[in-house]
Every structure is written in C-alpha cells, then in structure tokens.
Amino acid sequence: MFITFKNKSISAILSVIPNNKVTYEEGLKNYNFSRSKSMKLKKIMGFNTRYIANKTTTVSDLSVYGIEYLLKNKILNKKDISGIILVTQTPDYIIPPTSNIIQSRLNLPDDTLCLDINQGCAGYLIGLMICFNILDTKKFKKILLINGDVLSKKVSKFDRNTHPLIGDGAAISVIENKKNSNFFFSVNMDGKNADFLKIQAGGIKTPSSKLTAKLKKDLHGNTRSLENLSMKGDEVYLFIMSIVPSMISKLLKKNRVDIKRIKYFFFHQPNQFILKKLSEKMNISEKIMPNNIVGLFGNSSGATIPINICNNFVKKKNFNDNTVCLAGFGVGLTWASAIINLSSLKYKKIIKYS
Amino acid sequence: MTLEKFLVELSEIFEIKKINKNQKITNLKNWDSLTSLSVLSLIDSKFKNIKINVSKIEKFKSITELYNYVSKK
C-alpha cells in the first residue's frame, strides 16, 4: 500500500539511552560456543557495545525522562503537546496503556490523545503514519511519537541468537503540521510468517507458568524459555534480503523520485551483516546507508531509525539536500518505507537516562 | 558460479583448505548458526530465484547435491 502525506514535519528527535553500558565480551561465558567462534560472530555482525535498562527501569521511565528534558531545555512547550503515540512491545503493564501512564506522570490535560501501538522493527514508520493521519484532522498541535522498548528483559542471556544484539532505548519525535514537501510511504504486512519473531508465552493464549519459564536448549545450542524472544535468524535474513530492495525501488518508482536525490538511507538496524548485504545488493554506499547503530547502542527495535538519524544525519542548508529514505522491517511481519524531507528537523540529540 | 568456485567460497566460510564435495554440509567442522547464515547469504547473492532456508540446506545428502539444486543443474 502506498500513502502520501502533505505538509508534515518531524521538528525534533531526542533519543534516550539507558546508562548501563555492556560489552559483547561480557556475554560470552553464557553462550554455548567457543570463544573463537563467538569472536568471529562479533566481527561479522558488528557487535560491540550496547545499553541495557536497569531491572526496574521501564519504557515510561525512559519516555518521561526524555520529555522532561525537552521541556526543561525549552525544545517543547507543555501546552503544545496534544497527543502521545507510544510504539512499544514491552509496555509497563498489559492494562492500562503505557501512554496514559506517561500522560499522568507529566500532568498533561485530559484532552491529550494517548495511544499505544504494538509494533517493532517497522514501528517508526507505522508510528509516523498514524501521527500524520491524526494531524490531518487539524485538531492537534504537536504529537509526541515515542518508540521505546526494553527488550533486553525478554531475551535469554544463554541465547547467542538474540542476546548480543538487543539493546534498550526510547526515542521521542515531535511531529507537527508544517509546510514541507510531500512524504511518501509504503507499508505491507504478512501475518502468515508472524512466528519468525515471537514471544510465545506471557500473553493470554499461553499465560506465564513454571513450564513456560523453563529454559530449553534448541538444535543450535542456544537456550531460552517460552517467555523469551525467539528469532528464526535465517528466515528473517531471507525475508529482509528479498523484500527490502524491491520495496525501495517500487517506492521510488511510484513517486517518480530519482535515487540520486536520496541523501541518506536510514534503515532499521538489525545487525551490521544484513545492512552490509543490503547495501551491496542495492548498490548503495555504506557511507549513506549507516550500519553502526547495533555496535554502538544495540538493536532497540522501533527506536533504531530515530537513533540512527540522531547519530548519523548531517543537515544541509539546501532544502532538497535533506531528502532521506527510511525503512523498517521485521516483527509482524511488517515492512514499511518512506521518502521524507528532514529540513524541518531543528533539534536532535542522544542523552543518557539517569 | 561453477561447482569449483562454490567449493572455494565454502572453504573460505568454513576455514577448511579442501572441501570434500561428497560430504553432507552439516558434517563440516564449523557448521553452526553463523556459517549456515554465511552459506545462505552466499546462495542468496550468487544464485537467482532460489527458495531455500537453512533447514532445507541441512537436508541435502552432499554438497554436490546442494550445488545442483541451487544452480538448477
């Protein structure tokens, strides 16, 4: 599905990273693989450091910390906040929505729209689309799009398949109506392959129990419980390699945008290996398709695209030189992409939660 | 890609000097989640229109059979 939005802007992005820095090497003792094999994995996947939330730190903590920082530094005025759209797969509670908890902790008025969205790797694009749709009603001033996850709490430390890549974080984007160029989106879903990325237990279908908490070794020697995130790495790899290049070329073609006009490709950051393979297959230089986020911060699901922008985007004076392409792909399965102009991005920063 | 070239690529992935084409790929010393992903990536980038995943790769009785399948021989 292709969608075009007019006159929308992302005016600020603040990324909040937890303050516990962990290194890849710290996890080695728990993996069922030799050190040399695991060090080879590190090199190929681009693993290095990542940031993990404390046992008690939640998505609402990271979000409130970030929003208060924006308010204190006068990037944002409290009375302008008319909505909180939170994209997360690790909410504070099953009920109520975590966005309502954030609203309450910030003492926002009762005409603030609060909405939680269960989305992951493509969550920045899905979140932007929802925000843009809501802004089209013209009833809203500024919407805070929050992409936050503390997935490190849901991975097994004995699972080399997921543990070394997952980091935590929250990114707050300020979204508003503003004269700008058109924003082009594409979005697709495939629920048939939803099992590729899944937490089996802890919901209503399979409630947590002693049995679901039990650690089990898989065929490759990784150990996890039904309450941990499980990922079919090879299937996810094939899915990404088969859909992302064609998704981007279709989006460009549909909207008659020359690929040379795209100054950056800010993609979701699953690991460096996949991103290098994508830039090879798409014939796009790694310089304009950054792949450094997993090694610096870890893969924080829907927060990786805004963190990627905060870390790697260099704004140019000329309006047209700020056209970028975003793409998210994963959980759902979901794949989505967008061509947007970041000229109106006035503020971006990465801060540590404390 | 010829079978010989395929074997050279595999020997680089598995860090084995000479690969015996008659053996099962899963019997190679370094067969694990990382090398299997590298094989998958090799096949995905060098052979066109092949539907394959790791569990399918694991089923071939020999490396020659795997090669014949992906190169449609």
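Buried residues are those under 20% relative accessible area, exposed ones are over 50%, and partly exposed ones lie in between (1.4 Å probe, protein chains only). By this rule E25(A), at 27% relative accessibility, is partly exposed.

The structure is a predicted model, in which local features need pLDDT of at least 70 and side-chain atom pairs count only at pLDDT 80 or more, while totals for chains, interfaces and linings use all residues. Residues are numbered from 1 along each chain as its sequence is written, chains are lettered from A and ligands numbered from 1 in the order in which they are written, and side-chain values use heavy atoms, with hydrogens and water left out.

## The interface of chains A and B

Contact here means heavy atoms within 4.5 Å. On that basis 16 residues of chain B are in contact with 15 residues of chain A. The size of an interface is often given as the accessible area lost when the parts come together. Buried area is that loss of accessible area (1.4 Å probe) when two parts are put together, summed over both. For chain B and chain A the buried area is about 1400 Å², with 57% of it on carbon and sulfur atoms. Of the area that chain B buries against chain A, 37% comes from L34(B), L37(B) and D44(B), more than from any other three residues.

A polar contact is a pair of N or O atoms within 3.5 Å; within protein, one must be able to donate a hydrogen and the other to accept it, and residues adjacent in sequence count only if both atoms are side-chain atoms. Six residue pairs across the interface of chain B and chain A are in polar contact, both residues being at pLDDT 80 or more. Helices (H or I, at least four residues) and strands (E, at least two) are DSSP runs, numbered from the N terminus. On the side of chain B that touches chain A, the elements giving two or more residues are α2 (33-46) and α3 (54-59) of chain B. The largest share, six residues, comes from α2(B). This side of chain B divides into six nonpolar, five polar and five charged residues. In this division Ala, Val, Leu, Ile, Met, Phe, Trp, Tyr, Cys and Pro count as nonpolar, Asp, Glu, Lys and Arg as charged, and the others, Gly among them, as polar.

## Salt bridges

A salt bridge is a side-chain nitrogen of Lys or Arg within 4 Å of a carboxyl oxygen of Asp or Glu. The whole structure has 13 salt bridges over all chains, and the count between chain B and chain A is three.

| Pair | N to O distance |
|---|---|
| E25(A) and K42(A) | 2.6 Å |
| E9(B) and K5(B) | 3.0 Å |
| K40(A) and E15(B) | 3.6 Å |
| D32(B) and K37(A) | 3.8 Å |

E25(A) forms a salt bridge with K42(A). E25(A) lies in helix α1 (residues 24-27) of chain A and K42(A) in helix α2 (residues 35-45) of chain A, so the pair ties together parts that are 17 residues apart in sequence. K42(A) is buried, at 18% relative accessible area.

The side chains of D32(B) and K37(A) meet in a salt bridge. This pair crosses between chains, from D32(B) in the loop between α1 (3-14) and α2 of chain B to K37(A) in helix α2 of chain A. D32(B) is buried, with a relative accessible area of 9%, whereas K37(A) is partly exposed at 25%.

E9(B) and K5(B) both lie in helix α1 of chain B, four residues apart, about one turn of the helix. E9(B) is buried, with a relative accessible area of 18%, and K5(B) is partly exposed, at 40%. Elsewhere, K79(A), D80(A) and K141(A) are linked in a network of salt bridges.

## Sites within chain A

N228(A) is in the loop between β12 (223-224) and β13 (229-231) of chain A. N228(A) is buried, at 11% relative accessible area. A polar atom of its side chain lies 2.8 Å from the backbone nitrogen of S225(A). Leaving out residues up to four places away in sequence, N228(A) touches K154(A), V155(A), S156(A), K198(A), I199(A) and L215(A).

In strand β14 (residues 264-267) of chain A, Y264(A) and F266(A) point one way and F265(A) and F267(A) the other way, and all are buried. Two strands pair if DSSP finds at least two bridges between them. β14(A) pairs in the parallel sense with strand β15 (residues 323-330) of chain A, over four bridges.
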